[in-house]
Amino acid sequence: MSTITTPLVDLVGDRTAKALAKAFEMRTADDLLRHYPRRLAQRGELTDLASLEVDDDVTVVAEVVSRTEKGYGKSVRAEVVISDGRGRLQLVFFGQRSLHRTRNLTPGTQGLFAGKVGLFNRTRQLAHPDYVLLSGELDVDAYAGALIPVYPATKDLPTWTIANAVAQVLRMLDPIPDPVPADIRARHRLSGFDAAIRSMHAPASTEEWFRAKHRLVWDEAFGLQLVLAQRRATAAANPAVARPPKPDGLRAAFEAQLPFTLTAGQREVGEVIAGELSRPHPMQRLLQGEVGSGKTVVALRAMLQVVDAGGQAALLAPTEVLAAQHARTIDAMLGPLAHAGQLGGAEQATRVALLTGSLSAGAKKAALLEAAGGAAGIVVGTHALIQEHVQFAELGLVVVDEQHRFGVEQRDALRSKATSPPHLLVMTATPIPRTVAMTVFGDLETSTLSELPAGRAPILTSVVPAAEKPAWVERVWQRIREEVAAGHQAYIVCPRIGAGAAEEDEPSGDDARRPPLAVLDVLPMLAEGPLHGLRIAALHGRLTPDEKDRTMTDFTAGRVDVLVATTVIEVGVDVPNATVMAVLDADRFGVSQLHQLRGRIGRGNNQGVCLLVTEAPEAAPARERLAAVSATTDGFALARLDVEQRREGDILGAAQSGRRSQLKLLSLLRDEATIDAARAEATALVADDPALERQPLLAAQVATLLAADNADYLEKS
Ligand code: ADP
Ligand code: MG
């Protein structure tokens, strides 16, 4: 008999096997059996035809109402009308041969019809759909029940061919052994694997199908969590240099001079981190926090603790602007504590070095020396930090800011710069839903800063519908003038840089709308018009790093009133005096991106105002997104919305390496409880049996998972 590793050619015949390989890269029984039905059609229950959208690829169950032969010569065709009992849909088949072929579509016949919904004479139709009749032609086993599985299909491989192949494979397959240990199955009331696979394809009832699905979802979550648990266990078993706090060190001196009191959250997370740094194993922590929640101070305290204990800390930022700003802020916050060897430097002081790709040769050399010689306790930089020639005397802690721009590989490259693995603190400003934290970032332990420092007035956000209320746009400029008159500053964000050249930061625009507004067009227009007389500067990705840095310095110092920028300011830029932001063509940005952008204002004690200017009509889905952003400042709620809209695949990386994702059923939105439970079980199992030696089937499954995508869907970040 055969097992799930049996090649499909041996089971379904040459032609079908080839088609399955071509369409879905399927090779083995397992591949096919994990191609689950998208949904179940109920025999006798027809698909709601009114719900079909133009351009959808659909498979519908419907009944033939009429069939007429029309035209002559080249235009000869069969026009068939099908119905769901209420709505109707036209099918059209051209050519003499179609006339013969479609003779079986007699009124009253029910069938499955598959094709792309098109529009002809303003009526929806399917041109040349594939179809089978619900009598006769179908494999008896595949369609024995009242429920008809509808598979993801292609033009050459309709759902019924897949169903027939599946039925054939299931007939020939030995019972499949269950990889999940019996005690775990019992605890979570999971059906057996063999039964689940069979029910998934040929259920006797909808409940049975859902039960099967639950079990298979569980398997996906469990496999993923096993990989992550193993990774955490391996990393945690590594030795690291313990960096316990020093009561009278730099960190204590820094805390004594802090101009504000730490929030409760900052203190709690700080304690956890201080404890982990004190252990002889590497910390692996993700710190996520609302925009403006004060992650930098938390990181700085950790860095100083490590410096106190004789180590160095590297702070990795995603952009040069941000790296330079971090270096400046840290230097300013530390004051004399960062000026070792300088006049006025404190006795126990250290130094902060900035290392980015754009430094002059001399500056770079100096920074490299400070890093390699150990003079700099804190080294701030972009990914230039992880280039090979950068060396540290005693790297003890790596802090990665705004993690979503760094991959695991880059983290690893940096970690490899230390003789034993350094401690790791990853910070993300985009709040991520718990399930994402448990999967995409699942190799890290997570802390969250949810409260903002006291005294922060929440940012007020309003949508400015430019098309319906042009006068409101005037009001935007007026508002900016008022803020500037009151001594504050403003951001104006555009989706595009402009002035011709190819653009990386332009959202892909394959639509017929006008091109998005551009910094280089908007700036002169405002400078000569509504914002005449204000000091305006541009900030975007095409400036040289030097120019960017100069502009940011000027803006920070208050020498520029209005910054017209692309999303380069999205990440981490901190100018507390900026109180108003206008986002132009706001509909071209994503939810999390907008939230991130507006986090740039309202960082001080002044009320921040964010104005989302859009020409999108009121009924457009984009307007709903904007309304959501203006209605809440809860980054986690918005992140969830973003996940919903981005489709899961993008996050779990389904399409990533162009391979089939191993996670077909798992949903980050729906399956939180399952992911939670699977994580707990996986962690316990791995603690007990790290290499899964007593669970060969699970070990094999994990190996497949790792090999299939080289685990890069886990590492997408
Ligand atoms: P983010 O978490 O977005 O990186 P930052 O670390 O840049 O936020 O902090 C935002 C601002 O809040 C900074 O100006 C910082 O100095 C200030 N800040 C941080 N912690 C506190 C606190 N406990 N009280 C008042 N202000 C704080
Ligand atoms: Mg930050």
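How many cavities of 30 Å³ or more does the structure hold? The structure holds two. The model behind this report is predicted.

## The largest cavity

The largest cavity has a volume of about 50 Å³. Its lining is made up of R251, G270, I273, A274, V298, R301, A302 and Q305. Two elements each give two or more residues to this lining: α10, spanning 264-277, and α11. Helix α11 gives the most, with four residues.

Four of its residues are nonpolar, two are polar and two are charged.

## The shell around ligand 1

Helix α11 also matters for the next site. This helix covers residues 295-308 and supplies three residues to the shell around ligand 1, the largest share. Around ligand 1 there are 17 residues. Those that come nearest are T261, G292, K295, T296 and R456.

What is the make-up of this shell by class? Seven residues around ligand 1 are polar, five are nonpolar and five are charged.

## Backbone contacts and cover of ligand 1

Backbone atoms of the protein approach ligand 1 at several points. At T261, a backbone N or O atom lies 2.8 Å from a nitrogen atom of the ligand. A polar backbone atom of G294 is 3.1 Å from an oxygen atom of ligand 1. For S293, a polar backbone atom is 3.4 Å from an oxygen atom of ligand 1.

On its own, ligand 1 has 570 Å² of accessible area, and the protein covers 86% of this.

## Strand β6 and its partners

Strand β6 takes in residues 123-127 and is joined to strand β4, residues 88-94, by three bridges. Do β4 and β6 run parallel or antiparallel? These two strands run parallel. Within β6, Q125 stands opposite Q90.

Strand β6 is also joined to β5, which spans residues 110-120. Here there are four bridges, and the strands run antiparallel. On this side, T123 in β6 stands opposite F120.

## The β5–β6 hairpin

Strands β5 and β6 form a hairpin with two residues between them. Which residue in this hairpin takes a positive phi? N121 does, with a value near 50 degrees.

## In brief

Helix α11 gives four residues to the lining of the largest cavity and three to the shell around ligand 1. Strand β6 pairs in parallel with β4 and in antiparallel fashion with β5.

Technical notes:
Residues are numbered from 1 along each chain as its sequence is written. Chains are lettered from A and ligands numbered from 1 in the order in which they are written. This is a predicted model: local features need pLDDT of at least 70, side-chain atom pairs count only at pLDDT 80 or more; totals for chains, interfaces and linings use all residues. Side-chain values use heavy atoms; hydrogens and water are left out. Two strands pair if DSSP finds at least two bridges between them. A residue is near a molecule or strand if one of its heavy atoms lies within 4 Å of it. A polar contact is a pair of N or O atoms within 3.5 Å; within protein, one must be able to donate a hydrogen and the other to accept it, and residues adjacent in sequence count only if both atoms are side-chain atoms. Accessible areas come from the Shrake-Rupley method with a 1.4 Å probe; for residues, only the protein chains shown count as cover. Ala, Val, Leu, Ile, Met, Phe, Trp, Tyr, Cys and Pro count as nonpolar, Asp, Glu, Lys and Arg as charged, and the others, Gly among them, as polar. On a 1 Å grid over the protein atoms alone, a cavity is a set of points where a 1.4 Å probe fits but cannot get out, and a pocket is an open set with protein on both sides within 12 Å along at least five of seven lines; lining residues have an atom within 4 Å of a point. Grid points are joined across faces, edges and corners, and a volume is the space filled by probe spheres set on the points.
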